[in-house]
Protein chains: 2
Amino acid sequence: MTYSIAEAAHRSGLSIDTLRYYERIDLIDPPARDSGGRRVYTDDDLGWLVFLTKLRTTGMPIKLMREYARLRRLGEGTAGERKRILEDHRADVLARIDELRSCVDVLDYKIDNYERVVAGACPPETGETTPWTLAHSAG
Amino acid sequence: MTYSIAEAAHRSGLSIDTLRYYERIDLIDPPARDSGGRRVYTDDDLGWLVFLTKLRTTGMPIKLMREYARLRRLGEGTAGERKRILEDHRADVLARIDELRSCVDVLDYKIDNYERVVAGACPPETGETTPWTLAHSAG
DNA sequence: GCTTGACCTGGAGTGCGCTCCAGCACCTAC
DNA sequence: GTAGGTGCTGGAGCGCACTCCAGGTCAAGC
């Protein structure tokens with residue numbers, strides 16, 4: 001299967017402009033062209049694009065994605081290095097998840113407090129221990 | 001307790017410039033000043049700053065933080081509205097966590113694959129089903 | 001009284017990751 | 001053969017969230 005740039009954009013969830021941008025900055029290899037000079041994307045191209053979106057979604061900076069793409073271009077010999085990049089990134093993502101979860105705890109606390117403020121005449125955040133430092137009655 | 005801008009920056013994890021920036025864009029109320037015109041932050045100020053960092057950490061855009069700050073300034077009557085903002089944001093954060101987790105699965109799959117490529121002569125990603133669409137042999 | 005250092009202001013600059021645009025080429029359908 | 005749709009290029013512009021800077025004030029210590 002091959003895809004026009006519009007189809008590739010649709011299937012990858014990226015915009016047409018972003019696809020061309022990714023090509024300009026060497027995140028993706030220049031795809032094949034048809035007789036009229038238009039880009040033709042293969043399933044492999046699409047797979048790589050989809051994987052790139054996973055890296056972006058998880059906050060990998062484009063610089064590092066470019067480095068990963070560079071290594072990939074160099075072939076199997078760079079597998080170890082690429083593995084290390086992904087492992088490091090995986091650790092970052094897990095840390096980020098933990099960070100988000102602890103922020104959700106704070107949100108839960110605040111929401112619960114608003115619950116009581118909205119429901120009754122109970123003054124906000126009285127007689128309670130706050131779940132984070134310094135933050136009593138401040139939100 | 002009160003704090004100089006340097007102390008407030010240190011304790012909130014924000015930079016001095018960011019504190020002044022947050023004040024300029026009405027995220028925080030102008031703090032008190034000492035006789036020399038220098039900012040003096042209270043524990044309450046600090047608590048609000050810390051809470052703001054939670055919202056930022058979880059990706060709330062500054063526009064929405066400003067809206068939340070505006071409502072907070074209007075007093076308890078806006079508690080319901082603020083609660084709704086936090087609830088919506090909480091849902092966003094939980095969705096984000098799920099998204100990250102599913103990306104971690106992809107990373108795990110790739111890392112596991114590299115494991116085998118690096119360890120032996122096993123050709124990459126052969127005879128396996130890929131965990132996401134279109135992405136065989138593409139990374 | 002002079003240096004030092006923290007802080008002040010208004011405004012300009014930065015880095016990131018796109019996003020948009022003008023002006024042109026090509027292919028298809030009518 | 002022409003109108004419309006899709007795509008091309010190089011380059012400019014944008015939104016966000018800061019970050020930096022010049023030129024100045026102020027208080028403390030020597």
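Copies are superposed here by least squares on the C-alpha atoms of residues with pLDDT of at least 70 in both. With that in mind, display chain A and chain B together: a rotation of 180° with 0.0 Å of shift along its axis superposes chain B on chain A, with an RMSD of 0.1 Å, and that is the relation of a two-fold axis. To find the axis, select Ile97(B), whose C-alpha, at 2.9 Å, comes closest to the rotation axis of the residues of chain B.

This is a predicted model, in which local features need pLDDT of at least 70 and side-chain atom pairs count only at pLDDT 80 or more, while totals for chains, interfaces and linings use all residues. Residues are numbered from 1 along each chain as its sequence is written, chains are lettered from A and ligands numbered from 1 in the order in which they are written, and side-chain values use heavy atoms, with hydrogens and water left out.

Next, select the contact (heavy atoms within 4.5 Å), to which chain B and chain A bring 50 residues each. The area buried between the two chains, meaning the accessible area (1.4 Å probe) lost on being put together, summed over both, is about 4,400 Å², and carbon and sulfur atoms give 72% of that area.

Finally, show the side chains of Glu115(A) and Lys83(B), which meet in a salt bridge at 3.4 Å, N to O; the term covers a side-chain nitrogen of Lys or Arg within 4 Å of a carboxyl oxygen of Asp or Glu, and the count between chain B and chain A is four.
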